[in-house]
Amino acid sequence: AEASPDPPPVYTVNQAIDHMGIGWFQVKLTFMIGVLWMVRAMEMLLLTFLGPAVRCHFDLTDMEVALITAFACLGIVMGAGPYGWLSDRYGRHRILLVSCFWIAVFGFVSGFSPNYYTLLALRFLVG
């Protein structure tokens with residue numbers, strides 16, 4: 001009788017990392033993700049500083065100013081699922097670049113919003 005082949009070894013995540021080690025790919029990836037995280041944080045922090053100017057420019061209430069940030073957060077929540085699916089299907093690198101381009105374009109265009117509702121829509125798309 002033929003001997004059955006040995007099953008492949010099973011590793012925990014920590015054992016796999018210890019076995020493979022950390023190289024330049026992991027260092028570059030960590031740096032890139034860190035920079036993108038900082039950019040996203042600055043994008044949200046920017047709304048805090050722009051709130052008073054936007055309030056004066058469009059004559060907004062406190063609730064309307066708060067909705068600008070809420071719409072950006074809503075865009076993040078609603079975009080996470082589709083972007084995750086697209087990343088699994090087409091590759092994280094490609095979709096990450098598309099996402100960065102999307103944020104840059106709609107973030108820039110939101111600076112030229114002619115009215116409050118356009119600004120809400122664009123901040124949602126930035127999210």
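# Close-up views of the helix packing

**View 1. The Ser87 side chain reaches the backbone oxygen of Tyr83 at 2.8 Å.** This pair is a polar contact (N or O atoms within 3.5 Å; within protein, one must be able to donate a hydrogen and the other to accept it, and residues adjacent in sequence count only if both atoms are side-chain atoms). The model is predicted: local features need pLDDT of at least 70, side-chain atom pairs count only at pLDDT 80 or more, and totals for chains, interfaces and linings use all residues. Residues are numbered from 1 along each chain as its sequence is written, and side-chain values use heavy atoms, leaving out hydrogens and water. Ser87 sits in helix α3. Helices (H or I, at least four residues) and strands (E, at least two) are DSSP runs, numbered from the N terminus. With a relative accessible area of 12%, Ser87 is buried. The cut-offs are under 20% for buried, over 50% for exposed and in between for partly exposed (1.4 Å probe, protein chains only). Setting aside neighbours within four places in sequence, Ser87 contacts Arg92 and Ile95. Contact means heavy atoms within 4.5 Å.

**View 2. Helices α3 and α5 cross at roughly 30°.** Helix α3 spans residues 62-90 and helix α5 residues 116-126; their axes come within 7 Å. Axes are lines fitted to C-alpha atoms, for helices over the stretch in contact, and angles run from 0 to 180 degrees between N-to-C directions. The two helices are therefore roughly parallel to each other. That label covers angles under 35 degrees; over 145 is roughly antiparallel, 65 to 115 roughly perpendicular, and the rest oblique. The crossing of α3 past α5 is right-handed. A crossing is right-handed if the near helix is turned clockwise from the far one by less than a right angle, and left-handed if anticlockwise. From α3 come Glu64, Leu67, Ile68, Phe71, Ala72, Leu74, Gly75 and Met78; they meet Tyr116, Leu119, Leu120, Arg123 and Phe124 of α5. By class, this contact has 10 nonpolar, 1 polar and 2 charged residues. Ala, Val, Leu, Ile, Met, Phe, Trp, Tyr, Cys and Pro count as nonpolar, Asp, Glu, Lys and Arg as charged, and the others, Gly among them, as polar.

View 3. Phe71 is in helix α3 and is partly exposed at 28% relative accessible area. Ala66 and Phe106 are 40 residues apart in sequence, with 19 Å between their C-alpha atoms.

**View 4. Helix α5 has buried residues covered in part by α2, α3 and α4.** Tyr116, Leu119, Leu120, Leu122, Arg123 and Val126 are the buried residues. At the start of α5, a side-chain oxygen of Asn115 comes within 3.2 Å of the backbone nitrogen of Tyr117. Ser110 belongs to helix α4. Residues up to four places away aside, Ser110 touches Leu119, Leu122 and Arg123. Ser110 is buried, with 8% relative accessible area. A polar atom of the Ser110 side chain lies 2.7 Å from the backbone oxygen of Gly107.

**View 5. Helices α2 and α4 pack at about 25°, axes 12 Å apart.** Helix α2 covers residues 24-58, and helix α4 residues 92-110. The pair is therefore roughly parallel. The crossing is left-handed. Met32, Leu36, Arg40 and Glu43 of α2 make the contact with Leu96, Cys100 and Ile103 of α4. By class, there are 5 nonpolar, no polar and 2 charged residues.

**View 6. Helices α2 and α3 pack at about 160°, axes 9 Å apart.** That angle makes α2 roughly antiparallel to α3. The crossing is right-handed. Arg40, Met44, Leu47, Gly51, Val54 and Arg55 of α2 meet Asp62, Val65, Ile68, Thr69, Ala72, Cys73 and Ile76 of α3. By class, the contact has 8 nonpolar, 2 polar and 3 charged residues. Asp59 lies in the loop between the two helices. Though not a glycine, Asp59 has a positive phi of about 55°. Asp59 is exposed, at 68% relative accessible area.
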